[in-house]
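Welcome! Here is a short tour of a structure that may be new to you. Take a moment to look it over before reading on.

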Amino acid sequence: MPVRRSHAPSNNRHFVKPVSAGILLYRHSSAGLEVLLAHPGGPYWKDRDLGHWGIPKGRVDPGEELFAAARREFLEETGVDAGPLGTPLTPRRQPGGKTIHAWAIEGDCDAAACRSNHFSMEWPPRSGRTERFPEIDRAEWFGLEHARAKILPGQAPFLDELAALLERRSATG
């Protein structure tokens, strides 16, 4: 009888799913409620648009406080300080297993002036050449309906929660 091999790791280390933290920046304009979304940089995302934008976010460092990580990542990815106060939104587990912790912050910035940090990767694949790319190649303000079409499906619930939060706030004065 053949030996059945386990797909479990051979050691006893616990594998932790990645955790990210980010900021959902929003503003009220003459067009209504708008949110700032970021388009990922790099060659794999270049020609992708609908359903590929997201909130500026990134990985939480070991021992780092979640909101501090969200503010740090927002600054690294946009060049903008989002401010010290935020309203926590419900953490969302993404289809790939990552959990995103997000905070809603009212603020404004010139999206066209956003500047991101960079990452390096071999490009083209198997070429032996390393290229640098921005983590986000652009940021834009979108009304909620347009944002729902642009944002990654796993992050769309953040938009709905923000809308409900602001509706409750306006109802209570």
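## A strand residue and a pocket

Glu 122 is part of strand β7, which covers residues 118-122. Keep in mind as you explore that this is a predicted model.

Which residues does Glu 122 touch, once its neighbours within four places in sequence are set aside? Its contacts are Ser 127, Gly 128, Arg 129 and Thr 130. For two of these residues, Ser 127 and Gly 128, the side chain of Glu 122 comes up to the backbone nitrogen, as the table shows.

| Side chain | Backbone nitrogen | Distance |
|---|---|---|
| Glu 122 | Ser 127 | 3.2 Å |
| Glu 122 | Gly 128 | 2.6 Å |

Arg 132 sits 10 residues away from Glu 122 along the chain, and the C-alpha atoms of the pair are 8.8 Å apart.

The largest pocket has a volume of about 610 Å³. It is lined by 25 residues, and those closest to its centre are Pro 40, Trp 45, Lys 57, Lys 98 and Glu 135. What kinds of residues make up this lining? There are 11 nonpolar, eight polar and six charged residues.

Strands β2 (32-40) and β3 (57-59) and helix α1 (66-78) each contribute at least two residues to the lining of the largest pocket. The largest share, three residues, is supplied by β3.

Terms used
Residues numbered from 1 in each chain as written. Predicted model: local features only at pLDDT ≥ 70, side-chain atom pairs only at ≥ 80, totals over all residues. Heavy atoms only, no water. 1 Å grid on protein atoms, 1.4 Å probe; cavity = no way out; pocket = protein on both sides within 12 Å on 5 of 7 lines; lining within 4 Å. Points joined across faces, edges and corners; volume = space filled by probe spheres on them. Helix = DSSP H or I, 4+ residues; strand = E, 2+ residues; numbered from the N terminus. Nonpolar A, V, L, I, M, F, W, Y, C, P; charged D, E, K, R; others polar. Contact = heavy atoms within 4.5 Å. Polar contact = N/O pair within 3.5 Å; in protein donor to acceptor, adjacent residues only side chain to side chain.
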